[in-house]
Structures are given as structure tokens and as C-alpha cells.
Amino acid sequence: MAKITVDGQLLDVPDGQNLLEALLALGMDLPYFCWHPKMGSVGACRQCAVVQYANEEDQRGRIVMSCMTPVAEGTIFSLAGEKASGFRESVVENLMLNHPHDCPVCEEGGECHLQDMTVMTGHRDRNYRYLKTTFTNQYLGPFIGHEMNRCITCYRCVRYYQDYAGGHDLAAFASRDRVFFGRSEDGVLENEFAGNLVEVCPTGVFTDKTLSAHYTRKWDLESAPAICVGCSLGCNVTASERYGELRRIHNRYHGDLNGYFLCDRGRFGWQYVNDDKRLTHCGVRTSTGLYQASQPKTVLSGLKESLGAATSVAGIGSPRASLEANYLLRLLVGPDNFYSGESEANAEINRCALQALRSSIRTPSLTEVEAADVVLILGEDTTDHAPRLALSIRQAAGNAGREMALRAGIPHWQDAAVRKLAQNVHSPVFVLTTYADRLDDIGIPTRLHPDAIAEAGFAIAHTLNDEFPNPTNIPGEIDIGAIAAALSSAKNPLVVTGSSPGSPNIVRAAMNVAAALQRQNPAAGLIICPTGPNSLGTSLLTDRTFPNTTGGVAIVVENDLFENFPGESLQQWQSELDQLITLDSLDNGTCSMAHVVMPATTFADGTGTYVNYEGRAQRSFGAFKPGEDTAPSWQWLLQLCHDQGKALEIKHLDDVLTALANEFPELRGVIDAAPGAGFRDHGQKVSRMTHRASGRTAMLADLSVHEPMQPADTETSLTYSMEGTNASAPAALKSYTWAPGWNSNQSINKFQDEIAGHLRGGDPGILLFGDDQVFAVQTPAEGSPTDSPTIIPRWHIFGSEALTGQGEAIVARSPRPYIQMNSHTAGLLNVAAGQALHSENLADVPSLPVIIDEGTPDNCLVCPVLPGTYSYFHNPGNLKPDASWQPAEPPDLITTDRST
Amino acid sequence: MDRPLTKNIGPGKAPTDLTAYVANEGYEAVRATLGKLSCADVLDLVKDSNLRGRGGAGFPTGMKWSFVPMGETEGHKYLVCNADEMEPGTFKDRLILEYDPHQLIEGMILSAYTINADIGYIFIRAEYHVAAKRLKEAIEEARQAGLLGQNILGSGYNFELFVHSSAGRYICGEETALLNSLEGKRATPRAKPPFPQVSGLWGRPTIVNNVETLCNITHIVAHGADWFKGLGIGDDAGTKLFGASGRVRNPGCWELPMGTPIREILEEYAGGMQPGYELKGFLPGGASTDFLVPEHLDLPMDYDAIMKAGSRMGTGTMIILDDRTCPVAMVRNLEMFFARESCGFCTPCREGLPWIFQILDDIEEGRGQPGDLELLTRQGNFIGAIGNTHCAHAPGAIEPLASAMKYFEADFNRHIEEKACPYDH
Ligand SMILES: Cc1cc2nc3c(=O)[nH]c(=O)nc-3n(C[C@H](O)[C@H](O)[C@H](O)COP(=O)(O)O)c2cc1C
Ligand code: SF4
Ligand code: SF4
Ligand code: SF4
Ligand code: FES
């Protein structure tokens, strides 16, 4: 720590930190634009200026940028003096010369950092009498709008996009007062994390098109602290509603997980919530085979009878349904009849993940990933399957550079200086995958067949420690010794794997590598990414995946079985059932073969608990009251339980968690994942709406002048109104972030224990697992790599996740089915580019156009995971060229679409 | 030998090729140094010589070099010659580049040897294509003669030299923007520290020096520090290429001792004002230096003397303002240039200079308003101090404006009061 003087006041601040960060951490207000807590300082905007005095005698001092000035013992500054504050006022005055005065029609208005900082500097009067600079906006794709006139040229966007997220197609063009931030030509912003520009840009240049389509100001939104259900990472989001529709997803800061950034699947993939395919009524299939909407009461009483009379009832849960829903289903059908609905491979991977979590092997948080200095990725396609993790790994790759900088006396927050010094130096990130990976640019890529990836992993573990078994085959394409040596010499080695290639053997290999490393270095970390947002939670409740019984009644909760099981056998299974009941939010293949469907809520309108990859239980709160006949699955299931005389002691959500914790002591933490319904903050509940949303109760005044009662929330401690607290509420309950003078998300500064650190009072969620179980050495699967072509799942961030894949904007970014292989493999199958393959066994599935890519390993048929291709993974049978196939019309070039 | 820099250059003299250059003691310093003197010896010589940078800032060259890490270092070190010379009114480096390219090459070999750099770049102004061609030819000649490349003259020392033509922006002359530009990045200056000596081109130790600075090295090595110091007749060492442009009888560039009085340069070498014109003021060292006025004519052209008078010696090439040219129009013209050449990185310069230009344009065109001068002063103070902006471009831009407002205040006021430019043009 260092003692510094600021306006006569003695302050204790961390030595070597920049002054801006130090002062913000102390809760002081100092305006800034170009500095970002995760992207450091460059000194562009000059907004954070203060005066520094050389010594006690110095009366004049000189202007310095607080973000560029390291604090040191005895340094003397003035923030408040006229010289400093006048300078900062001038900066805003000059920024405003060309900034349009369009706040009333600007989407950033009301949560704009530029507005906040302008007010903070006190600048008011306009002295400029000339024309403003104007620009032409670009079409940037279905996610992000562009309003360049609002730009204040702070360079945050390019620094974020290029330097932080590794994107290539957004740049600063031209110079002087004509600098333009955009693409070289109109077109979709390619980077998977582009959406963060919406929050990184301090003004309204980059806007969220999915919000623009039905725009609402922050103050008029009803929001809740939700968990993204796009993958297994469990990023924290704010889900916001108006008029019964979800309007947007914003980042919700979490010090251990997403920090300030989300992936675009999480940010823009929510549109299915408002989709036409949402199930809004209970439906019963009539004798005509068509569904008929039915009153919930009628359906429930029918089910009470059929379940009561059934010889057997199987319950199939899902990795995307909440713990509460899965647990109540288990209570309803009994533990022996409860199934996870995961594929065998995924279930095995989940078991592996649980084993690792319970052992002494460390599972780093996403923030801890950023500290890794050597990373080994085995098989997992992070960017497409667990996207936010890829962004953290990209930061880890920068550690070698930061280390160099440190040796040269350059502090890590001197962002431009660190990057100039380091140039292309990266910490090693070994990327062993089957197809091209988005981390290849900073990594050391090797393309291998999944079986060979597993073998490489086992061989690395064996090289690290010969107590770990060697595989029978060791792939020759890769320098096992070099990888082992790099991992051994690392301070914070990290192994990353997951279920994207669908290979438990790869995961086991990764476990061995991490365990072998851990014997050398306790800091070694392992991340296993399951597929669903609650894969681990569900797998804690059962080992079984799918009933092997026939007949009876089956209840499927939030699961499209066609994702994981072959269509033909599902149809066979269904035909032998007396009744198939599904609870889900969106229509899908399983719904369409069910006898009864019941409308379930989504993450946006229902509350539930999810367990992420690191075993963190997190509560996701619904932002708004669901439609009249819609209810969270757990509520439907609780009713079904009660109707069967079961679980009578459970009345509320909190009771479900208590019962769950009692039955599974390991899950005790779920109760504390967030405060329960009885929680009161200073005697009050916590509000979902902002204190400025007072017009809310008059929202329907055009229909009736009677102010409706705001609905009550009996299940949580949140209100469906602006009544209640916000600023003092625990992080897990906070629906939006706001502090006096700080209307944008950057107000989060005020709620962190240190800048970019943990949220005060702790980051939300409870890590469930201890580390006391002994790690069992894993053995390689028998058998050598197949020498005939096999289908390899290829994940796509947009399209592979089933729910988000239904949203309009995501559909626009999703690929069409294809199959990719090298020409050797194509030769074996007698196909060539421009032709297509189809399966002799599969009817009603699209033929797959062939893409030849010589980088693909032999015998790998890389096929995207899409609703249309599921069958290819389960039972492709014989693949043959499809003689009748014609190339489809080229897809619409969205580049020509200029709609906003 | 009191005109070392221009000994091969003069009216009517052809550009020197290798033969001509060698015939006049060329490359003797290299022969006497490589493998014979240690890096530290040469560095001491340069330090002792009191040579100060000729690119504008006048930083002591030996001291600058002493920050380069020496001894066993992995990887390259670079020597970069700043031949961007885009400062309005400045045309001194061009003379050497076009007429005596080997002088620069020899200076660079010796300088690179001193800091143990193995790669050199000459970053040359886009418009200097004749110079670029002659430099490339000279480099090829030197390479053929074993003076560049691997194991130069059998000394074991390696040095490769390349010419890189700028794409044409004034800011590329700022040494760190220059480095970014060389790397193929946007030409925005870098924050200092770290200084290029530690983290320069591609993150490696790098020295950037002006053409004239580097040329001096040859002569210092050949004739010694004392000889060099003796060349100056005032406080500073060596000779300097001084120049004058504007309505003088004989605009041009001359090598003269450091400390030569301004009056001597103007009256003896530039031939005094053209008939019918009187001296009203002058920018002593290029467009980005403060105006001085006739009362300063007896000052010596020494860094500190000019600094004390409130200006900078800059590049030593003067721009003369006569009594029939409107100072407001002249400053407007300069600010148009500086506003246009802003790299756009930091707010005061990017937004503030265009505003200043717009106000000056109004004043000059008779649209000035009461309060405009206060606004100009406020903006000038906001932009003008070193440290307020990310690099020295903006403070440089304010120097002629602020000083013009001081010395020619009446002219500004008349424009506003009379709603027209009082000058006849
Ligand atoms: C806007 C700007 C433009 C500059 N242009 C030049 C230039 O054209 N040539 C030059 O030698 N130095 C120029 N400089 C100065 C360089 O930054 C640097 O100080 C110089 O090259 C160092 O060389 P020296 O130590 O030999 O003088 C410029 C500086 C600024 C701020
Ligand atoms: S677009 Fe936004 S983030 Fe980018 S420079 Fe402009 S204001 Fe800054
Ligand atoms: S990384 Fe996963 S949890 Fe995070 S925002 Fe993306 S899809 Fe959601
Ligand atoms: S002062 Fe001007 S030229 Fe220098 S960095 Fe700032 S904007 Fe660029
Ligand atoms: S925040 Fe410090 S200069 Fe921009």
C-alpha cells in the first residue's frame, strides 16, 4: 500500500495501481471513458485528468491522466481544484462538439455513461456554433446496430474487439476528427463476443438490435437477476421485460464468472422466449390426433387419474430444467424411475465432472482461467460450446506478455504498452481439436480425430507421471513431450475439456493430465464443460439416462429427446406408452408426439436453481409473471405430486430446496444460492423495477383507468414492482445496477470490493463440492481409432443450442447443415465438393452438402449439431452420395439488408 | 572543415555516389571504428560532444542512447532514422537525403554500432521519392562494398538497412507514431514510458533519430568531441542546418555554427526582407514553434536561448512573417494543417484543433464574434500544455497561435471589430 494525498486528504491505496482505479475503488467519483476495468489504460480520452504536484512546495502542479499515473508513496494530487476540474469540463465540452444532442431518441439514453460523465464534470453551456461531423452507418448483422454520429472516439470498441476479443473485422478508420469505427464494408460482425460492444461503448453507437425491435428504456424495464441457460458456464445476466415480453439480456457482473462480458448466444439468444412457438396453453391430443387447448384444471384432473392408475410412471428430466423441477419429477415418479434424459456419453462425462469436482483437483472459475499460463484444450470447442470460457482463455494467452512487461517495469494496466512490448508473444495454449478452433490464432493448434485426442491426453498424463497408463496408440502428429514439459513448467497450468466432441474417453484423458499435473503442482486446474445449464445438477439426482422399460406413462420435463436419442427408437418407445406427458416452453419433436403438453416457463419468467460447470449452484429469477396458463415446471410437478398424495409438506419453492438438501446433503448449498422468499432487506422486499418506473402502474390506463394491483410474488423475495430496495440488496437478488450519478452498468464500480474484483457481500452462487474424494486414475478406452469414416459433432455457437437456436436473430447467424472432410475421406465415400451425402437408414432428414477441408483429419466427417442433423449422430448407418441432390439457392445475403 | 554536414553539398554540386563520397574521407570513420572502438567508447564520444537531437526537441543524443540495454540481449535492436520531415517550412534533411545519402548511411552504421543494433530503417516522407531512390541506390552501393550487411568490413558486426516510405501523415514524424506506422499499425503515438529505447519497434529496444543528428555522428567520430564542441559559437555544440522561408530575398538552407545570431542568418544568408516588406515576426524552428518578433533578432540560435525567449529552436528552419501578410490568415492556415494532421487519438487535439481552425476561419473571414479570442485562449490553454494531450503534436500546434495572439493581438481585434481582414490580399 502507498499513502497518497488527494486534495489534502491522506489515502491508502495499492502501490503501483493507477490513480483512477485506486480512487474509484475508494468510492470516489472521477469521470473516464477510455479506461476499462478489464482493458486497462491508454490515455486517449483525457477525461480522467487530475493535477499532480511534484512536492509540497509545488503550487502549480501539472495535468496528468489518472488512468496513466501509477500511485506511489507520497504522491500528491488534486481532483477538485479548478485546474483539474476545469480541464475535465473542457474535455466533455470538446467531446460534445460533434456529439448529436439526440438523447431523447438515443437508445443509450438513461443508462449512458456519456450522460453520466457529462453531468459529473458540470459542463453545461454550448459555445460551438459550427456543423457537427456526420458519418454513414453500417449494417453490422442481426445483432448490433450502428449509429456512428454518437461516437466520442474513445477507442474502447476497437480495443475490446481486436485486443480483448481477438476480432479482426472491426477497426478504426481514417484520422483526425473523422475517425470511423466500423467494418471495412457493411457486413456481419464476425466475433462471437461482439455483443459486448453494446455495453463497452460508453455512448449509443453500438446498439442491441434485439432490443431495438421493441425498445424500452432501462427505467421502464422490469428485470431480474437471471442465469444464462445457453451453456454450462452459468453466466449471470439481467433479464428485462415490458408488457409481458422479454426485451433484452444485459450482462450482470459476476466477479468469478462472466465479469463484464457475455457471449452473443447468451446476449442475443433469448428471442425464443417471446416466440410464436411458445406453448401458452395445456394441450391434450384428441382422437383426431390434433391437440386441443384445455383448462389446466381439466388436464390436471385427467393426469391425477391416469398417473394414479398407471402401472409404471417414468420421469425423464433434463440438463436444462432447474434442480427444483428435476427433483420434484424424481419425487413424483420415485428415484428408480427418474432419468436424466442425457445421452449415455454425456451422462458419463457428467459423472467424470462430478468426480473431478469432488476431488482435490482444482476447478478454476472463469476469472481464475485468466491467470493460467499454459492451457491444454483437449477436444472441447470452447467458443461454440462454452463460449465465455474461450474469452477467458484468450486473456490467459496474454499472460506471457504481461509477464514480459512486468520484467520491463511496465504495469499490467498499461494496456497499449504491454501489447507493444509483447507483440505476438502468447502463453502456450495447445488446442487439440478435430476442426478449426477460434482460439487457433493465439494457440498452438493440432487437428486430430477425437480418439487420437484422447490418446494424446493419456500419453501426456503418462509422460507427466508414469503411474498414469499409456494408451495403446500414441498419435504421431503431436509432440507429447513438449506439451507435457510446458505444462510441467507452468505456474498455473490448466486443462480444458468438455462434452462437445461427445467423447468420455477424452474427458477421462483430461482428468489424468490434470491429476498428474496436480501431483507436481497443486495450482493445476481442470475444466470439464458439460452441455446443459444444469447438466451437473440433474446428474446428481440420477445415474440413469433413459427408461429401458416399455409401456406405462412417461413424463418428460423440458427435454427434446430427439437431441440425444435416435428418432426411430423414440417413436417405437412412444407407441408402446399408455401416455406421454411433456412439460416444455417451446414446441419440439417430443411435444409433437406427446399426449399431453403443459406450458412451462423459461429462464425469463420462471425461477429455479442451476448447477454450472464448477459446481456452483445459482438461482435464476424470472423477470416477470408468466402468462396465465403457464407455470414453472416445478409448480406443475408439485401439483401432480400433491394430487398423488406426495410431497405434501412442500408448498413453496423454498420447501423444494429444503427437501432436496435434506435428501442430498451434498446439495445443502442450494438453499443459500440466493436468499429465500422470507428475506427482507431493511424490512423490505427487493424490487424488480427501478425507482423511476413510477408510470408502470398506469401502463394499461388506455384500457382501464383503474390501477391494477401489481402481482404478488409469493415464491421469492422480489417484488413485481418498484417497491422495495435495490442498492443495498445482496448481489444474488439485484435486478439492475444503479448508483447516484451512475445510470449505466458501469455503476458496478460502486458495488465491488475492488475494481473488477468480487461483488461486495460475495459473488452470487454457492460452490457445492468439497475436495476430499480420492481421484481415481482413469484408464483409456479399449480399441484403436476407427479406420472408417465417423461422424463428429461440430458445435456452432449459433444454432447448436436448441432453445436459443429458435430466436430470429440467432437463426440468421446459424449455419445450414453440411458435412466436412478431407479429400482422402471424401474419396473413401466417393463424394466430392459440390455433392451431398445422405444416409440410407434415415428418412426425412436433409442430405448434407460436402465441404472439402484438408485440415480435417482422416476419417472425420464433421457435421454441425443442428435440429436437422440430430439423427446423423445417433444412427447414421451407411452414408452414400445423394444423386438427386441439388445445391440450395444461395442464402440471402444479409449484407443487403439495411433494416434496423 | 567547419561545414562538415554540407561538405559534399552545394549549389551546382551533383549528388554524391559512393566513389565521390569516399573520395572526400567517406567511410573512414566506419573503417576506424568498427571492430576497433568499443560501443562504450563511441557512446562516450557522443556524450562528450554535447550533440543534441536535430529533430526538434533537442534532446541530448548520447543520453538518449545510454538508455538502450547493452550486453547480452536476445533478439533485434533497431536504429530508425526519422526522415519524415513534414514540418511546414522545414527542408533541411532533404538536402542531405538527396545530395549526400552516404553521409546518412555512414552515420547510421556508426550509431547502430554504438547501440549494437542490427537492423536500421530510414522512415522517409512520402513526397521525398527522389531522396528515397538515391538512398536505395546508395544502400545497394554500400552493401556491394561490404559496408552494410553481414560482417561489415570483416569486423564481425552485422547491420542491415532498409528504406521505408511513409504513406504521408505529419504525425508519422512523431517518433512513436513512426514506430507504429513502421509496424503497419495506425500511426498513433504511444504513451511514454516505456520509451522506445526499452520497448520500441516490435517491442524491441529502438533508437529514433533525426537525419541531421545521425549525420553528425560520422564527423564526431572522425574528428572528436572537442572539435565538435568547438564548431558552435554559443552554448551548443556543432553546426546546424538553418533555413529561412517567406518574403526574404534569398530563401534557403545553410550550414552554420550553432549559436549564430538570428539577425546574421536573416540578413547575411537570407539576404534580408524583400523590398517593400518588413519583418513582423518569425517562427524560429518550423510551424510548431512560437512566434518571435524583431526584438529577438539578436538572439543566438541556441536551444536554451530561444527557449528563454519563449519559443523553441525546433528544426532551425525559420518561417518569416512580413508586415503585409495577415498573421491571422497565417495562423489559420497553420491550424488547418495541424487540425487535419491530428491522429485523432486524444480528445483535446482531435476535437479542439478543428474548433480553433473554425474560429480562426470566422475571424479571418469577418465573421468573428466578441468572445472568440477568449474562447481561443481557453481552448489554447486546454490543448497547449505538454501532458494535456497524448503527444506533443497539439501543444506544438498551439505554439504559433498562442504567441500570435500575444504579439499580434491588435490584428485579431481589428478583424473582429471591422468584421473583415484588414490586410490586402
Ligand atoms: C507531431 C510531431 C512531428 C514530428 N516530426 C518529426 C519529423 O518529421 N522529423 C524528425 O526528425 N522529428 C520529428 N519529430 C520529433 C520526433 O518525435 C523525435 O523527437 C525525433 O525524431 C528524435 O530525433 P532527435 O533526437 O535526433 O532529434 C516530430 C514530433 C512531433 C510531436
Ligand atoms: S464507437 Fe463507442 S466505443 Fe467506439 S470509439 Fe466511439 S464512443 Fe468509443
Ligand atoms: S458462455 Fe454460456 S452461459 Fe455465458 S452467456 Fe454464453 S451461453 Fe450463456
Ligand atoms: S495530440 Fe493529436 S496527434 Fe497527438 S495523440 Fe493526441 S490526437 Fe494524436
Ligand atoms: S480514462 Fe484516462 S485518459 Fe481516458
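**Exercise 1: A residue of chain A**

A:Leu464 counts as buried because 26 other C-beta atoms lie within 10 Å; the class requires 20 or more such atoms within 10 Å of the residue's own, whereas 12 or fewer make a residue exposed and counts in between make it partly exposed, with C-beta atoms placed from the backbone. The model is predicted: local features need pLDDT of at least 70 and side-chain atom pairs count only at pLDDT 80 or more, while totals for chains, interfaces and linings use all residues. Residues are numbered from 1 along each chain as its sequence is written, and chains are lettered from A and ligands numbered from 1 in the order in which they are written.

Task: State in which helix A:Leu464 has its place, and which residues A:Leu464 touches.

Solution. 
- Step 1. A:Leu464 belongs to helix H16 (residues 450-464) of chain A; helices (H or I, at least four residues) and strands (E, at least two) are DSSP runs, numbered from the N terminus.
- Step 2. Leaving aside residues up to four places away in sequence, A:Leu464 touches A:Ala484, A:Leu487, A:Ser488, A:Val513, A:Ala516 and A:Leu517. Contact means that the C-beta atoms of two residues, placed from the backbone, lie within 7 Å.

**Exercise 2: The domains of chain B**

Task: Determine how chain B is divided, and how many residues of domain 1 of chain B are in contact with domain 3 of chain B.

Solution. 
- Step 1. Chain B comprises domain 1 (4-231), domain 2 (239-322) and domain 3 (327-418), with bounds from an automatic or database domain assignment.
- Step 2. Between the C-alpha centres of domain 1 and domain 3 of chain B there are 35 Å.
- Step 3. In chain B, 10 residues of domain 1 are in contact with 9 residues of domain 3.

**Exercise 3: The shell around ligand 1**

Task: Describe which residues surround ligand 1 and where they come from.

Solution. 
- Step 1. Ligand 1 is surrounded by 25 residues, the closest being B:Gly53, B:Gly55, B:Gly173, B:Asn210 and B:Thr213; a residue is near a molecule or strand if its C-beta atom, placed from the backbone, lies within 6 Å of it.
- Step 2. Domain 1 and domain 3 of chain B each provide at least three residues of this shell.
- Step 3. S4(B) gives the most to the shell, with 3 residues.
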